[in-house]
Amino acid sequence: MRCIKYYEGWHDIKRNYPYIGWGHRILPHEKFRTNLTFQQADSLLRSDLRKLCTLFRKYGRDTLLLAVLAYNVGPYKILGNGKFPKSRLLQKIEQGERNIRREYLDFCRYQRRKIASIHRRRQTELLLLYKP
């Protein structure tokens with residue numbers, strides 16, 4: 001939670017729409033007219049992470065690592081869909097391979113460019129959440 005809060009930063013509804021709180025994307029059925037309190041934003045973040053953990057539950061000890069990554073990049077970039085293939089990271093985890101550092105750190109790109117701040121975030125997430 002602290003890692004996400006630190007790297008996401010606070011999103012103001014006026015400046016960062018459709019994001020609010022600590023990176024929660026406002027869904028079509030949600031109506032927010034004013035900014036959230038820190039307590040409301042914390043609750044939304046926990047709810048979002050819980051949903052993502054449920055989505056990645058079958059990956060056992062890597063559930064939280066994948067959920068935190070999906071919170072930032074979206075689950076479709078990891079699981080794949082019609083537009084994206086299944087990630088190499090997930091393929092390696094499914095094969096039982098534990099050397100996933102390189103694949104995890106590859107999720108630090110924006111428009112094919114490596115972004116240093118995102119790379120630092122991925123390194124921190126690995127240190128906190130990855131257990132080889």
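Modeller: Before we start, contact means heavy atoms within 4.5 Å. The model is predicted: local features need pLDDT of at least 70, side-chain atom pairs count only at pLDDT 80 or more, and totals for chains, interfaces and linings use all residues. Residues are numbered from 1 along each chain as its sequence is written, and side-chain values use heavy atoms, with hydrogens and water left out.

Colleague: How far does helix H8 reach from its first C-alpha to its last?

Modeller: H8 covers residues 116-129, 14 residues in total; helices are DSSP runs (H or I, at least four residues) and strands are too (E, at least two), numbered from the N terminus. The expected span is 1.5 Å times one less than the number of residues. That gives an expected 20 Å for H8, and its reach is close to that, at 20 Å.

Colleague: Which residues of H8 are buried?

Modeller: Buried means under 20% relative accessible area, exposed over 50%, partly exposed in between (1.4 Å probe, protein chains only). In H8, those that pass are His119, Arg121, Arg122, Glu125 and Leu126.

Colleague: Why do they line one face of the helix?

Modeller: Picture looking down the axis of H8, with directions taken from the axis to the C-beta atoms. The buried residues line one face because they fall within an arc of 160°.

Colleague: What do the buried residues of H8 pack against?

Modeller: The face turned away from the buried side carries exposed Leu127 and Leu128. The buried residues themselves pack against helix H1 (2-8), helix H4 (63-73), helix H7 (101-105) and strand E4 (113-114).

Colleague: And which residues does His119 touch?

Modeller: His119 lies in H8 and counts as buried because its relative accessibility is 16%. Leaving out residues up to four places away in sequence, His119 touches Leu105, Cys108 and Lys114.
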